[in-house]
Amino acid sequence: MVSVQSVLHQVPDPRGKQGRQHPLTALLGLILLSMLSGRQGMRAAFRLGRRLSRKQLTRLGFRRDRSSPCHATLTEMLRILDPDALAEALSQFTTEQQYSEGDETMPRHLSIDGKTLRGSKDADGKAEHVLSAFSAALGQSVGHCSSRGKGFEIPDAIRLLEKIDLEDMIVTGDAMFCQKTITYLIVEKGGDYVLPVKKNQKDLLEEIGTAFNEPVFPPRTMARTATTRSRTN
């Protein structure tokens with residue numbers, strides 16, 4: 001079994017060596033505990049920390065000679081934390097917990113898709129575009145990365161898939177992901193894929209159409225085979 005603290009240890013600490021009053025894993029553990037308890041915001045996490053006993057704070061990783069972190073400490077830490085590194089660590093924890101049971105019947109299916117986040121416009125008026133890998137078995141995303149939007153989703157998809165364990169996985173997605181670079185990467189990492197082919201792959205679409213239109217056993221071949229069998233009998 002993988003512990004939450006061992007996964008949080010993988011998140012790089014962006015703070016300088018000076019002023020580290022609390023371990024990063026303890027701060028993240030408190031925030032995670034607050035969110036799982038149904039609380040919202042850093043002030044709620046701060047208040048939760050003040051209500052915890054010394055033994056509970058120690059279990060989270062806080063030092064015995066320090067009080068729980070204040071609201072500003074939690075806010076400033078999140079402001080400089082790498083969100084992709086945290087998301088990758090939590091996704092890894094979720095995936096390993098679910099698949100460590102050894103259930104061979106559990107479907108290992110990943111669907112990659114890009115979405116524009118509503119209400120995420122920056123100062124220039126541009127909305128954030130995110131590419132995600134969704135696990136049907138877990139019912140949640142197991143990886144994501146920021147994307148530069150349409151036209152750039154192919155290299156972003158490669159960057160996303162490189163970070164995910166694709167062993168025995170079946171990857172699906174839109175027709176835009178039907179590219180050699182993506183399919184080669186999936187196969188190299190031990191997975192397989194089911195991708196639609198549309199007019200963006202004109203030559204491939206025509207070849208597939210030709211293959212389905214031509215019978216596997218042409219009529220002449222079948223007639224010759226039948227005649228040979230009748231003569232033999």
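Modeller: Two strands pair if DSSP finds at least two bridges between them. Helices (H or I, at least four residues) and strands (E, at least two) are DSSP runs, numbered from the N terminus. This is a predicted model, where local features need pLDDT of at least 70, side-chain atom pairs count only at pLDDT 80 or more, and totals for chains, interfaces and linings use all residues. Residues are numbered from 1 along each chain as its sequence is written, and side-chain values use heavy atoms, with hydrogens and water left out.

Start with strand 1. Strand 1 pairs with strand 2 (residues 129-135) in the antiparallel sense, over seven bridges. Within that pairing, S111 stands opposite F134 of strand 2. Strand 1 (residues 109-116) also pairs with strand 4 (residues 170-172), here in the parallel sense and over three bridges. There, L110 stands opposite V171 of strand 4. In a regular strand, side chains alternate between the two faces of the sheet.

Now the helix residue. E153 lies in helix 7, which covers residues 153-161. E153 has a relative accessible area of 4%, so it is buried (under 20%; exposed is over 50%, partly exposed in between; 1.4 Å probe, protein chains only). Leaving out residues up to four places away in sequence, E153 touches G114, H129, L131, S147, M176 and F177. Contact here means heavy atoms within 4.5 Å.

Last, strand 3. S141 sits in this strand, residues 140-147. Its relative accessibility is 29%, so S141 counts as partly exposed. The C-alpha atoms of S141 and A87 are separated by 9.6 Å, with the two residues 54 apart along the chain.
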